[in-house]
Amino acid sequence: MELLGRPEQYTDEDIGSGEKGFSELLEHEKEELLQDQSDEDGKDNGGLQRIGAKSLSKKRRCTSENGSSNGKRIRKKQLVLNYYEDEDELMDEMERDTEIAFMIKSKTRKRGSPGRGRINRSSSVDSGVKDESKNTISYTSSSSPPSSPSSSVSVLRWERGRCTSRHRKNNGDVCFKCHQCMQESKTIVSCSKCKTNTYCIRCIKEWYPHMKVQDVKEFCPFCRQNCNCNACLHSTGMIKTSKRDLSDYEKTQHLTHLILSVLPFLKEFSDEQKEEIKIEANIQRESPSNIIIEQTLCFNDERVYCNHCATSIVDLHRSCPDPTCKYELCLSCCREIRQGSLLNRTEVKFQYRNRGCEYIHGGDPSRECSSVQAPDNHIEPLTGWNANDDNSITCAPKEMGGCGERKLALKRILPCDWIANLEAKAKTVIDICETKNCTFKHEYGETRTDMLRKAASREDSCDNYLYCPDSWDTLKEGGLLHFRKHWINGEPVIVQNVLEQANGLSWEPMVMWRALSENMDPNSTSQFSEVKTIDCLAGCEVEINTRQFFEGYTEGRMYGNSWPEMLKLKDWPPSDAFENLLPRHCDEFISALPFQEYTDPRAGLLNLAVKLPPGVLKPDMGPKTYIAYGLVEELGRGDSVTKLHCDMSDAVNILTHTAEIKLGDEQKSAISDLKKLHRAQDERELRNWVNSQSGRSGSQIGDDEIIEKNYNREFKVPEDHAEGPTLSGSPCMEAVDETGGGALWDIFRREDVPKLEAYLKKHVKEFRHTYCSLVERIIHPIHDQSFYLTVDHKRKLKEEFGIEPWTFVQSLGEAVFIPAGCPHQVRNLKSTPLQSCTKVAVDFVSPENAHECLRLTKDFRQLPKNHRAREDKLEIKKMILYAVDHAVKDLEALVATQV
């Protein structure tokens with residue numbers, strides 16, 4: 001181990017230490033400093049003098065034991081290795097020396113010695129100066145004093161891809177600082193590989209806790225490409241994010257597969273437009289070929305939405321010709337008006353009541369809370385807006401936002417016949433590829449049993465096991481085909497050890513927070529000083545100081561009654577510019593992604609989301625971080641969960657970091673007592689609800705009868721639970737014990753959605769939502785995100801409806817692929833009582849699941865205006881059109897180069 005005051009290759013003369021070596025100068029200054037303080041402060045500083053003397057005597061004994069050659073200075077390396085046997089003792093001693101050295105420098109400044117220069121300790125990097133002759137960029141701090149004969153300048157210099165911090169004095173001599181904190185330190189470690197970067201002991205302990213000093217000496221974090229200093233965290237392009245380069249033949253196969261997968265939807269869009277043109281021809285009493293459709297102006301930085309259903313409009317639509325109205329209607333709404341099936345999508349006004357803190361924990365509701373009438377969730381078809389006899393449509397009534405007078409005119413956004421021509425070009429290029437035998441051959445082969453993980457116990461089913469390869473297997477030949485074999489059937493996929501494909505950059509939230517703090521716009525500082533988190537107990541949004549949230553991530557938080565406070569931070573940082581705010585973490589995440597042909601958010605060849613042309617508004621697909629507290633035991637209420645929902649695109653989620661927190665015996669006892677209060681409250685409210693439905697008073701039905709027939713406690717796992725991957729005594733719990741756990745996933749099959757919705761409607765009063773209130777409304781059982789199915793609910797779901805989800809535990813470093821259209825829920829857990837988790841996710845759109853994205857878009861457009869899931873954020877139709885156009889051009893270029 002090599003611990004130096006500066007790099008080994010520099011001598012005292014090189015650094016300009018004068019006649020005395022650095023060690024002798026430090027010894028002399030220590031004695032002088034201690035003597036001065038003793039004279040000034042007397043007895044108050046006696047302890048410091050004794051400590052200093054003791055330290056000096058140790059040094060002298062060490063020197064005499066090793067001896068000296070002709071009076072020459074003994075090298076610092078020999079001193080350290082021969083005296084210190086324990087690394088902790090070494091670091092403690094070095095920290096004491098660092099403090100004394102700091103006092104020496106302060107004392108030197110007070111004296112104003114002409115022979116010693118001032119040290120600039122500023123670590124900020126505010127301005128850049130490019131040295132054209134050396135092809136380097138130097139960054140100097142704007143807060144440092146002007147250069148003078150008695151001053152020195154701190155320079156952060158990039159040379160041949162290396163970032164070095166040099167303290168350059170007026171005579172040209174150079175000494176090195178810690179690469180991490182940019183501070184001079186005697187207790188630094190020099191990298192033996194690059195021989196350029198050095199890290200101080202303090203930074204190694206704080207920011208690289210999993211690395212030993214010897215590891216840094218052999219191969220420093222910068223050489224490992226996982227340095228988390230501010231300069232490196234704000235850099236991009238330092239690592240290669242793509243794991244493999246595709247040949248032209250592979251590109252041709254992938255592009256052909258993409259076009260063939262989405263070509264049916266392109267034909268569907270073209271047929272829909274042809275049908276509307278025929279209707280317009282009948283209205284105008286002209287031939288369809290003679291119809292001239294006026295093009296409406298649409299800029300790249302704007303989106304056009306239907307005024308009624310909020311679906312994105314890509315090309316043909318109807319618009320009010322009145323310049324003061326401009327009401328726009330999509331073709332789907334036009335068709336529903338003509339069929340008389342257009343639904344009224346007015347806002348559903350409802351808000352859960354805050355009954356007070358006592359109610360949340362099993363007590364009575366507060367007196368201030370007033371009763372709110374339950375909303376009417378039934379949506380009736382519109383009867384006052386119908387098509388005319390010639391199938392023309394008058395603008396919407398004024399109460400719906402239109403003028404109610406002018407007939408809607410047919411308009412277009414894209415060039416005339418653009419979609420029809422694109423369909424023809426796509427078919428032509430596919431025919432050419434088939435002629436040249438360039439089409440993709442689906443030769444999957446058998447999946448090895450060690451790549452499968454049991455996740456369900458369905459009878460007479462062949463999909464109880466999920467594909468679960470190691471990250472290295474995904475890079476082998478045939479890995480992508482095996483993935484596609486399961487993915488095309490709508491099955492989730494788990495990939496193990498994906499972080500091994502990356503460079504080991506720290507995903508600790510405080511590291512990301514530090515990077516974000518240094519990189520933020522001064523005008524937006526207040527935006528990041530506090531974060532909006534989800535309080536899992538109240539089910540509502542709360543603001544908390546960012547530092548306090550992250551401290552709770554590692555130390556835990558609780559309410560005044562000792563109930564664990566579970567907070568969840570979604571979509572952080574609060575911006576769609578993750579790549580700009582955390583560029584190094586973004587590169588690290590992309591490099592860890594498996595099957596990058598699908599998942600790469602920048603250049604995935606099979607990712608439809610990256611095919612939009614430059615300048616066009618793109619949906620926010622991520623990456624995004626999800627940071628949450630967690631608990632291994634199901635609390636019943638207030639669990640750290642992501643409730644049942646369905647994403648409108650594919651997604652991959654990587655568990656990047658976990659932190660453990662211990663629960664005390666006193667807190668465990670308090671939790672147990674509160675659970676009893678919760679149970680009594682649940683039984684009481686369920687009894688009241690059943691009696692209100694039957695028209696009888698509460699005294700007419702006994703508690704046992706209601707509990708037996710209508711209710712089972714959610715947090716209590718029955719002893720006779722059904723066989724399968726539940727938490728108690730199951731493969732899931734064994735995985736938690738073996739790997740330390742992480743996140744418990746439940747993902748439902750698409751074909752089971754109708755039965756799942758029926759179960760939720762039947763047992764709606766057994767669930768709690770915002771402010772721990774019983775669920776009082778259902779607009780859509782899944783898209784409302786109001787339900788989380790506990791172990792007991794999953795047992796009853798299988799008993800009553802015969803379905804169960806894929807249930808598995810996501811461990812640290814595992815990536816979970818969730819197909820679009822599969823409802824899923826997640827709960828953080830750990831083999832130890834408390835655990836916090838950091839997950840990073842990115843959305844993508846695969847050709848295999850484009851049909852599910854379209855189906856979900858149709859579902860969302862039926863929701864009320866103020867529903868959280870209603871907006872068409874994905875714009876899947878636009879995505880498919882541009883993806884085919886992009887793929888056709890690329891495929892034509894590749895085919896032209898092949899013989």
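Two strands pair if DSSP finds at least two bridges between them. Strands (E, at least two residues) and helices (H or I, at least four) are DSSP runs, numbered from the N terminus. The structure is a predicted model, in which local features need pLDDT of at least 70, side-chain atom pairs count only at pLDDT 80 or more, and totals for chains, interfaces and linings use all residues. Residues are numbered from 1 along each chain as its sequence is written, and side-chain values use heavy atoms, with hydrogens and water left out.

Strand 16 (residues 530-535) and strand 18 (residues 567-572) run antiparallel and are joined by 2 bridges, with Asp535 opposite Leu567 of strand 18. Strand 18 also runs antiparallel to strand 19 (residues 624-628), through 3 bridges; here Trp572 has Thr625 of strand 19 as its bridge partner.

Next comes an open sheet of 4 strands, ordered 9-12-10-11 with mixed pairing. Its edges are strand 9 (294-295) and strand 11 (328-329), each of which pairs on one side only. Strand 10 (residues 317-319) is antiparallel to strand 11, with 2 bridges between them, and Ser319 has Glu328 of strand 11 as its bridge partner.

Helices meet too. The axes (lines fitted to C-alpha atoms, for helices over the stretch in contact, with angles from 0 to 180 degrees between N-to-C directions) of helix 10 (residues 248-284) and helix 11 (residues 331-339) come within 11 Å and cross at roughly 55°. The contact (heavy atoms within 4.5 Å) involves Glu272, Gln273, Glu276 and Ile279 of helix 10, together with Leu331, Ser332, Arg335 and Arg338 of helix 11.
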